[in-house]
Structures are given as C-alpha cells and as structure tokens.
Amino acid sequence: QVQLAESGGGLVQAGGSLRLSCQASGLTFSPYRMGWFRQAPGKEREVVGSITWSGGSTSYADSVKGRFTISRDNAKNTVYLQINSLSPEDTAVYYCAGKLGAGRAYAYWGQGTQVTVSS
C-alpha cells in the first residue's frame, strides 16, 4: 500500500520558516517526480512546485519563487519543502504527491499538513 505522509506543519509567525517533509512508503521512491501543493481556506488547490526523480531539476509557482525550496533524499524516501519568509497568505494545507513521468497525472497523494501563519 502506497502512503505519503507529510509532517512539519504548524503555527508560525510571519517572517518565520518551516521545513515540511513527505515520507513515502510502499513504492520504489526514486523514479517518482514529486510535487507539493497547497489549499488555502475557500480556495482551490494550487501547485507549489515539483522536483524530478534525481533532484536535479525543480520548478516553482511564481508566487513562491525565491522563498520555497524543494529537495529530496531518495535514500530516505523523503521529499522536503523549505518555506522561508512566511506570510499569512501562505496559510494552507500542504500536500505532497508523486507521479511517474512529467506528462502524467499525480497518482499518489498525502493527507496534508496544516501550515498557519500569524501576522
């Protein structure tokens, strides 16, 4: 059974930082492109960014470029999302997801971790 488990969310003051983790189990992690998404209250889910299977290439939504960094450790079956300079607009549930190949839909999703930023 494939599972993606996010952790690291919480309540943080504006200007602070968090590192979210997403640990995968039940699959061979390294071939998967991994993505991070978020959904704010009352809004649709949006993509934050993604990372290729090797970690050699990342992409980000314009809204988070320069503040968010995605990395991965294939030996630990884990992908990370470093979030800096948090603002209340970053308050959302953050999800990780995995897929095989850039042109495919994300096949596996985690349950999400809540990030709340106070002003």
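**Figure 1. Burial of Cys22 and Cys96 in the predicted model.** In this predicted model, Cys22 is buried, and Cys96 is likewise buried. The two residues are joined by a disulfide, with 2.0 Å between their sulfur atoms. Cys22 belongs to strand β3 (residues 18-25) and Cys96 to strand β9 (residues 92-99), and the pair thus connects distant parts of the chain, 74 residues apart. The structure contains one disulfide.

Figure 2. A disulfide is a covalent bond that joins the sulfur atoms of two cysteines.

**Figure 3. The salt bridge between Asp90 and Arg38.** The side chains of Asp90 and Arg38 form a salt bridge with an N to O distance of 2.9 Å. Asp90 is placed in the loop between β8 (78-83) and β9, whereas Arg38 is part of strand β4 (residues 33-39), so the contact ties together parts that are 52 residues apart in sequence. Asp90 has a relative accessible area of 1% and is buried. Arg38, at 7% relative accessibility, also counts as buried; the cut-off for this class is under 20% relative accessible area.

**Figure 4. The salt bridge between Arg67 and Asp90.** A salt bridge also brings together the side chains of Arg67 and Asp90, at 2.8 Å from N to O. Arg67 is located in the loop between β6 (58-60) and β7 (68-73), and Asp90 in the loop between β8 and β9; the pair therefore ties together parts that are 23 residues apart in sequence. Arg67 and Asp90 are both buried.

**Figure 5. The salt-bridge network of Arg38, Glu46, Arg67 and Asp90**. Arg67 and Asp90 meet in a salt bridge, and Asp90 also pairs with Arg38. Through salt bridges that share partners, Arg38, Glu46, Arg67 and Asp90 are joined into one network. Within this group, the burial of Asp90 is expressed by a relative accessible area of 1%, and that of Arg38 by a value of 7%.

**Figure 6. The salt bridge between Asp62 and Lys65.** Asp62 and Lys65 form a salt bridge in which the closest N and O atoms lie 3.2 Å apart. Both residues, Asp62 and Lys65, are exposed, whereas Arg67 and Asp90 are both buried. In total, the structure has four salt bridges.

Notes:
Residues are numbered from 1 along each chain as its sequence is written. This is a predicted model: local features need pLDDT of at least 70, side-chain atom pairs count only at pLDDT 80 or more; totals for chains, interfaces and linings use all residues. Side-chain values use heavy atoms; hydrogens and water are left out. A disulfide is a pair of cysteine sulfur atoms within 2.5 Å. Helices (H or I, at least four residues) and strands (E, at least two) are DSSP runs, numbered from the N terminus. Buried means under 20% relative accessible area, exposed over 50%, partly exposed in between (1.4 Å probe, protein chains only).
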